[in-house]
Amino acid sequence: MSLFSLIFQSDTYLCMAFPVPTRQDAYIVDFIPLASMDTVHHMLLFGCQTPVSTNSFWDCGSVQGTCEDEAAIMYAWARNAPPTKLPKDVGFKVGRSSGMSYFVLQIHYGDISAFKGEQPFIAGIYLLMSVDTVILPGQRVTDADVACDYTSYPIYPFAFRTHTHRLGKVVSGYRIRDGKWTLIGRQSPQLPQAFYPANKQVTVKYGDTLAARCVFTGEGKTSKTYIGGTSDDEMCNFYIMYYMESRHAIPYMNCMEMGSEELFQHIPPEANVPINV
Ligand code: IYT
Ligand code: CU
Ligand code: CU
């Protein structure tokens, strides 16, 4: 068991990498954000093999500049949002055999983590993201739809996170089983973009479909808006934090397919009901 913490004070995006402090496999079982609501806007924790830098800290912008290889998001904390708790017996696998040798923490002010022995369940993230949405200027509503068939071992969602930039109104995620849509989570991306508790008892198994819709507005825009990395671009992300049995461990999955128009004809109307912020 080891524990470490770090504290920054700044108004920009700063990143710091630190090696997973063990040679063996380890599990993150808890996150304890020690952040001040007054000074911190948000905090993201990634895991990866090769951070952009390994000494001191660096300016890592809003999206780019965390890892050379793929950065896997493990934790998000945002001002005024309740912190995510991993359920009992659930851990994110890090260290040797997981391909995660470093943590990269992107923050203004923060702290993290503790480790423990073997876990019966492994935590993971499933990301649904749109790659091809175009929002037309002045158009009141644009739906970005994403859907994929789920063809793996059962997962148990327990938290979800939405992410768009300024034009996003509401983002919803569903499981579809035998034609029936069940909500996993629904949130305004204009609220703090933390992980919120998922709708309980929605498990996902082989043969289900996972689907998400982001509702955007092009009102007030004078040009087309595309998916991209700057704040003038948009993103449509629905993250599902789940756990699954360790013996099937798949810590990261994603879905970037549009989903058929016919499928989305059956999405519950709530997906297009704005959330007051
Ligand atoms: C184009 C887009 O939607 N980018 C998202 C999702 C994304 C996350 C990761 C894409 C890739 C990743 O390796 I991690 I490729 C995006 O950048 N989302 C941001 C940050 O990833 C955290 C967010 O706040 O959700
Ligand atoms: Cu922030
Ligand atoms: Cu973004």
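Me: How many bridges join β14 to β17?
Reply: The strands are DSSP runs (E, at least two residues) numbered from the N terminus, just as helices are runs of H or I of at least four residues, and two strands pair if DSSP finds at least two bridges between them. One position in this pairing is given by Gly-173, whose bridge partner in β17 is Ala-212. The two strands run antiparallel, and the number of bridges that join β14 to β17 is eight.

Me: What kind of model is this?
Reply: Residues are numbered from 1 along each chain as its sequence is written, while chains are lettered from A and ligands numbered from 1 in the order in which they are written. Local features need pLDDT of at least 70 and side-chain atom pairs count only at pLDDT 80 or more, whereas totals for chains, interfaces and linings use all residues, because the model is predicted.

Me: In what order do the strands of the open sheet that contains β14 lie?
Reply: The edge strands, each pairing on one side only, are β12 (142–149) and β15. β12 is joined to β17 by eight bridges, and β14 to β15 by seven. From one strand to the next the twist averages 20°, with axes taken as lines fitted to C-alpha atoms (for helices over the stretch in contact) and angles running from 0 to 180 degrees between N-to-C directions. The four strands, paired in the antiparallel sense, therefore lie in the order β12-β17-β14-β15.

Me: How many of the eight residues of β17 are buried?
Reply: A residue is buried if 20 or more other C-beta atoms, placed from the backbone, lie within 10 Å of its own, exposed if 12 or fewer do, and partly exposed in between. Strand β17 covers residues 209–216 and is mostly covered, the number of buried residues being seven.

Me: How far apart in space are Thr-151 and Asp-208, C-alpha to C-alpha?
Reply: Thr-151 is found in the loop between β12 and β13, and it counts as exposed because it has 9 C-beta neighbours inside 10 Å. Thr-151 and Asp-208 are 57 residues apart in sequence, and their distance in space is 7.6 Å.

Me: Why does Asp-89 count as exposed?
Reply: Asp-89 has its place in the loop between β6 and β7, and its phi is near 70°, a positive value in a residue other than glycine. Asp-89 counts as exposed because of its number of C-beta neighbours inside 10 Å, which is 12.

Me: Which strand gives the largest share of the side of domain 1 that touches domain 2?
Reply: Domain bounds, which come from an automatic or database domain assignment, divide the chain into domain 1 (3–119) and domain 2 (123–272). The contact, in which residues count if their C-beta atoms, placed from the backbone, lie within 7 Å, takes 20 residues from domain 1 and 18 residues from domain 2. On the domain 1 side, β6 (72–78) and β7 (90–95) each supply at least two residues. The largest share, five residues, comes from β6.

Me: Which residue in β19 is the bridge partner of Phe-160?
Reply: β19 (residues 237–245) has eight of its nine residues buried, and it pairs in the antiparallel sense with β13 (residues 156–163) over seven bridges. Nine bridges join β10 (residues 121–129) to β19, where Ala-123 stands opposite Tyr-243. The partner of Phe-160 also touches Ile-125, Tyr-126, Pro-157, Gly-173 and Ile-184, among others. That bridge partner is Ile-240.

Methods: Two residues are in contact if their C-beta atoms, placed from the backbone, lie within 7 Å. Lists of a residue's contacts leave out its neighbours within four places in sequence.
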